[in-house]
Amino acid sequence: MEDSVVLRADSLSKRYGAVQALKNVSITLYAGQTHALVGSNGAGKSTLVKILTGAVVPDSGTIEINGKPMPVGDPRTALDAGIACIYQWPNLVAELSVADNIMLGHHPTNAFGIVNRKVQRRWVRNLLEKHNLQLDLDAPVGSLSSVQQKEVEIAKALSLDASVILMDEPTAALSHSEVEKLFRSIEQLCQQGVAVLYISHILDEIFRVAQRVTVLRDGQLRLSAAAADLTKASLVDAMLGRELSSEVGQAKPQDQVDRPVVLECRNLNKEGVFSNISFKVHEGEILCITGLVGAKRSELVRAIFGADPADGGELWLWGKQVRIRHPLDAIRLGIGFVPEDRHQDGLFMQLSIGLNTIMSSLNRVTKAGLLHPGLMRIAADEQIGKMEIVPAIADYPVKNLSGGNQQKVQLGRWLMGNTRLLILDEPTVGIDIGTKASIYRLLRDLASNGTPVIVVSSDIEEVLTIADRIIVMADGHITGTYVRGFVTQEQILAAASGEMN
Amino acid sequence: MDSPTSSLRISDQSRRGFAALARKIIGQYGLLIILFIITFAFSLLRPAFWSINNQINIVFASSLIGIMAVCSTFVVLTRGIDISVGSTVALSGLVAALILESDGTLFIPSILAGLAASAVVGLANGLAISYLGLPPIVVTLAALTIVRGVALLIGGSILHLIREPAEFLFIGGGRVLGVPFPIFIFFAIAALMLFIQVRTQLGLTVFAIGVNERAATLCGLPVRFVKLLVYLISSLGAGIAGIVLASQVSTASANYGNALELDVIAAIVVGGTSLNGGQGSVHRSVLGALLIAAVNNGLSILNVSTDQQLIAKGAIIVIAIVLGYWLQEWSERL
Amino acid sequence: MQRKQLMGTLSLLTILLLIVIIFSLVSPNFRTLNNLRSILSSYSHIAIMAIGVSFPILLGEIDLSVGAIMGLVGMVMFNLLLIHEVSGPVAIVIGLGIGILCGLVNAFLIVRLKLQPFIATLATLVAYRGIIYGISGRQLFPETTVKAITDPIYISIDGRIDIVPYAFIYLILLVMITHLVLQYTRWGINLYAAGGNEMAARLSGINVNRIRVFAYAFSGLCSALAALILTSRMRSTQESLGLSFELSAIAAAVIGGVSLRGGVGNTVGPAIGAFLTGTLYTGLTMAGVTTYAQPVVVGVVLIGAVAYDKFLASRRVNHRSQKDMQYGG
């Protein structure tokens with residue numbers, strides 16, 4: 001293992017509107033070394049990756065590769081400089097074949113630009129053999145399972161003969177044996193002198209694979225040290241920042257056993273997505289569904305809400321079986337849903353806070369068949385007050401609000417209606433600590449008043465803070481069910497990686 | 001930006017002052033101001049433009065486009081488009097004329113039949129776009145050709161005369177207190193549409209769909225049904241216009257309404273409603289229709305040939321869209 | 001992927017064959033060589049334009065100005081050959097150049113000014129039509145309306161060998177070249193990638209904007225070629241040349257299996273699509289179906305093609321949400 005510097009990134013910063021995604025982050029990668037980048041959701045890891053691969057232009061900072069400065073903001077430049085990346089979500093073209101996707105952008109061609117398919121097949125086959133990957137070279141990538149697509153994504157990065165390989169949550173959606181294959185490949189790469197940046201929040205993997213660790217939190221560098229000098233505990237401390245739990249306060253222990261069941265899922269399944277999902281939600285509880293990226297948690301809750309209905313299984317609400325094929329069905333039954341992507345699915349960015357708030361409860365502000373401006377105004381102001389939205393002006397355009405306040409608007413929308421069960425998908429990603437705390441308080445109040453809450457979250461710290469019960473999913477199955485106070489972080493992580501409870 | 005309701009207005013409280021107000025006015029009404037300047041230029045070239053008679057002509061001429069524009073505004077607000085309205089105009093007038101040809105006393109049935117025919121077109125469009133998820137431009141393009149073909153099939157390319165009953169001819173040709181009747185129809189329909197837009201759940205849902213259709217679905221709004229309705233309304237507007245036109249010129253033909261959709265879209269876009277959906281209003285389409293009629297009138301007075309008129313109007317739409325987009329960006333960036 | 005596309009193209013051909021067989025049985029006039037010549041002659045240039053316009057469509061965009069470009073090139077040819085008495089070969093080069101230039105203007109509006117393709121090409125459609133009138137030699141020198149182009153080289157653009165018009169030969173050559181480029185070169189793969197998943201293409205180092213420029217320039221070039229064919233045939237031109245041809249070209253491409261969403265389709269399909277609509281029109285006329293019913297039939301076919309494409313798309317993606325394919329989750 002040499003000590004030569006392959007990549008040096010200095011003081012990178014990036015701001016998105018009101019959110020400082022990255023602030024003065026520097027990182028150095030050495031040849032033949034695996035460097036882990038750690039942090040919870042929204043800590044800035046993805047932004048850093050996007051800057052290094054040229055997908056995003058940083059507001060400030062420089063990048064040097066192999067001693068030479070690298071211009072930012074152009075993926076071609078980054079690729080030519082020798083930076084490859086295994087992205088978290090596979091970046092593939094569904095209609096093209098596996099081989100074409102792997103070699104996309106650098107096919108073997110002759111002088112006329114004609115792709116030498118024979119040579120390409122040979123290269124790809126050799127590559128796959130070398131890394132023990134089994135893939136059908138001619139299959140259109142769109143027909144593959146998510147695991148296979150991930151493997152194509154991995155092969156794609158490996159095919160570039162890069163000097164730096166970034167891996168963004170590479171083991172998400174992979175089973176145990178595939179993870180082992182990947183680790184062997186990483187070893188091989190390091191022996192060849194490649195520098196690997198390994199992004200993950202699974203601690204066991206990090207200690208297994210990395211020699212150096214950098215921790216990001218809230219966009220800033222918190223810790224950078226040799227892996228040998230760290231313990232799991234110190235790592236977790238740096239990642240989570242223990243101050244948080246004291247801010248939120250301890251949730252009151254809840255006695256779940258005898259509470260009435262509000263929602264029961266029996267054997268829900270959706271072909272190719274999730275299967276065998278059975279669980280219960282009780283009155284007054286906050287249930288967290290956690291897992292790694294690709295565990296299909298969002299798909300599950302969207303199915304419960306009727307946005308992408310399940311293929312089979314039963315849903316029972318307050319002891320009566322129900323059919324939910326469309327969000328309207330769910331809303332009529334009293335279920336509310338705050339989706340993961342508030343820009344694309346949740347809010348009407350160009351409209352006002354008031355309009356966003358009343359949009360699910362139009363019948364409540366209608367009198368004699370017509371919308372009543374007075375009722376609209378009253379209802380909007382009431383929710384804005386309850387949610388403590390800043391600024392508390394009903395006409396204010398939602399797009400100018402901070403992320404946290406935007407989430408509160410969504411909460412307000414559902415609380416205005418007859419919501420008797422609220423589902424939230426990754427509600428606090430990219431939100432500042434203060435607003436996170438107030439959202440946790442709102443959820444806790446809601447649950448205490450009888451309305452159960454289901455929270456999908458990848459943030460294990462968050463889960464351990466607010467959940468009364470925890471369900472862990474991996475690759476479309478439930479792998480563990482726990483009660484708070486009777487589970488450790490390690491157990492959750494293990495279940496999330498696919499080890500059954 | 002126009003808001004769906006008058007009481008919960010979208011106002012950007014963060015900027016104040018005269019400069020900000022000026023920017024806002026230019027951003028929202030810039031197009032209309034520009035066109036007003038253009039028509040003023042017409043009047044300088046031909047003073048006859050400003051005669052009372054000519055002005056009444058303009059408002060009269062705007063009624064036809066206006067009825068269609070206010071009914072098609074909702075479609076545009078949902079990020080869709082309906083280019084089949086011109087053909088539907090011909091179909092509806094033709095159906096009414098054919099009924100009257102067979103029996104001149106069937107006044108009400110003829111109108112109902114014409115409207116029913118346009119409703120069928122609207123429903124077909126709506127079903128294909130909303131429930132099959134096909135792109136509006138292609139569906140209404142196909143509808144444009146199909147409806148025109150059907151009209152030709154049932155009526156041939158001849159002119160069908162409508163000589164009776166007097167009630168029918170009154171719709172397009174009559175006057176009340178000296179003002180042509182179509183103007184009343186136009187304003188009545190415009191008022192109705194504006195009311196729906198501002199005071200009903202339907203109106204608010206239309207805006208919601210235009211701003212963010214996925215969010216609208218997740219809010220439990222009846223998105224597919226509303227999308228169906230807006231195409232139905234659009235075709236009904238064309239149907240009403242078809243009857244007014246037939247009554248006005250006492251004839252019906254399968255060839256009427258050719259390229260009328262261009263005028264309608266021009267009126268909507270020039271009025272400031274965005275083709276991207278979620279922004280605009282019925283009252284803007286009224287203004288747009290008036291201005292397009294003024295431009296048409298001006299071009300006729302200047303003796304511009306029909307082909308060139310087409311180009312001029314096309315140019316105006318495009319400039320309107322591009323300018324509108326730029327003005328929007330500019331006023332937002334500051 | 002090759003297999004699926006092959007299946008699609010084959011089924012198109014089968015449908016075309018079926019239509020030909022049905023009409024041949026129904027009307028004797030259809031079965032003649034004369035009719036075949038007529039169809040080849042009348043629709044080869046539409047097929048050429050359909051191929052041209054399918055490049056922007058493969059990118060998931062659209063080019064509405066192809067008809068106007070055709071008209072503009074036609075008028076420039078008229079002016080050059082009849083008024084300025086430029087020689088044939090020079091005029092041809094200029095004509096093709098103008099087509100490319102018009103396409104580059106489209107690309108500029110879309111790439112640099114970031115206008116939506118629908119609006120940008122709508123704008124150029126109107127602008128080019130306006131320019132046609134502005135430069136129209138027929139208006140400025142009315143005596144030219146009765147003159148005919150006589151340059152021998154230019155006239156030979158639209159000749160024929162027996163029943164096969166040269167236009168059809170140009171079409172075949174064009175199909176072969178574009179097919180080669182799209183299926184066998186890296187530019188072809190890059191184009192499909194840019195249309196199928198622009199972000200993935202970008203992150204793979206593909207210069208998507210350069211591909212855009214090329215696509216619109218090529219579309220303009222094909223329109224120019226079509227203009228040369230028609231003006232050579234008519235020995236003159238009209239201001240309305242190419243009017244609403246963009247609709248025929250786009251319809252032919254869509255019927256030919258090029259998805260409006262991008263990333264799906266080839267260039268054989270649009271050619272077949274053009275002849276499919278052409279044969280339908282001709283066959284219907286000969287079968288005695290009134291001309292009025294024809295637009296109805298084509299409209300229905302167009303809807304059918306789009307609905308079928310949508311059906312294929314929903315099966316393609318199946319349970320995988322589109323989000324899984326894109327970076328930035």
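At what angle do the axes of helix H2 and helix H13 of chain C cross? In this predicted model, the two axes cross at roughly 140° and come within 8 Å. H2 of chain C covers residues 33-58, and H13 of chain C covers residues 268-286. The crossing is right-handed.

The contact draws on residues from both helices. H2(C) contributes C:Asn35, C:Ile39, C:Ser42, C:Tyr43, C:Ile46, C:Ala47, C:Ala50, C:Ile51 and C:Ser54. These meet residues of H13(C), including C:Pro270, C:Gly273, C:Phe275 and C:Thr282. Of the residues in this contact, 10 are nonpolar and seven are polar. None is charged.

Chain A holds an open sheet of six strands. The strand order is E16-E19-E20-E13-E21-E22, with mixed pairing. Strands E16 (335-338) and E22 (477-483) of chain A form the edges, each pairing on one side only. Neighbouring strands are turned by 15° against each other on average, direction ignored. Within the sheet, E13 (residues 286-291) and E20 (residues 453-457) of chain A pair in the parallel sense over five bridges. Here A:Thr290 stands opposite A:Ser457 in E20(A).

Helices also pack on this sheet. Helix H10 (residues 297-305) of chain A touches E13, E16, E19, E20 and E21 of chain A. The direction of H10 makes about 150° with that of E19(A). Helix H18 (residues 489-496) of chain A touches E13, E21 and E22 of chain A. The direction of H18 makes about 35° with that of E21(A).

Terms used
Residues are numbered from 1 along each chain as its sequence is written. Chains are lettered from A and ligands numbered from 1 in the order in which they are written. This is a predicted model: local features need pLDDT of at least 70, side-chain atom pairs count only at pLDDT 80 or more; totals for chains, interfaces and linings use all residues. Axes are lines fitted to C-alpha atoms, for helices over the stretch in contact, and angles run from 0 to 180 degrees between N-to-C directions. Helices (H or I, at least four residues) and strands (E, at least two) are DSSP runs, numbered from the N terminus. A crossing is left-handed if the near helix is turned anticlockwise from the far one by less than a right angle, and right-handed if clockwise. Two residues are in contact if their C-beta atoms, placed from the backbone, lie within 7 Å. Ala, Val, Leu, Ile, Met, Phe, Trp, Tyr, Cys and Pro count as nonpolar, Asp, Glu, Lys and Arg as charged, and the others, Gly among them, as polar. Two strands pair if DSSP finds at least two bridges between them.
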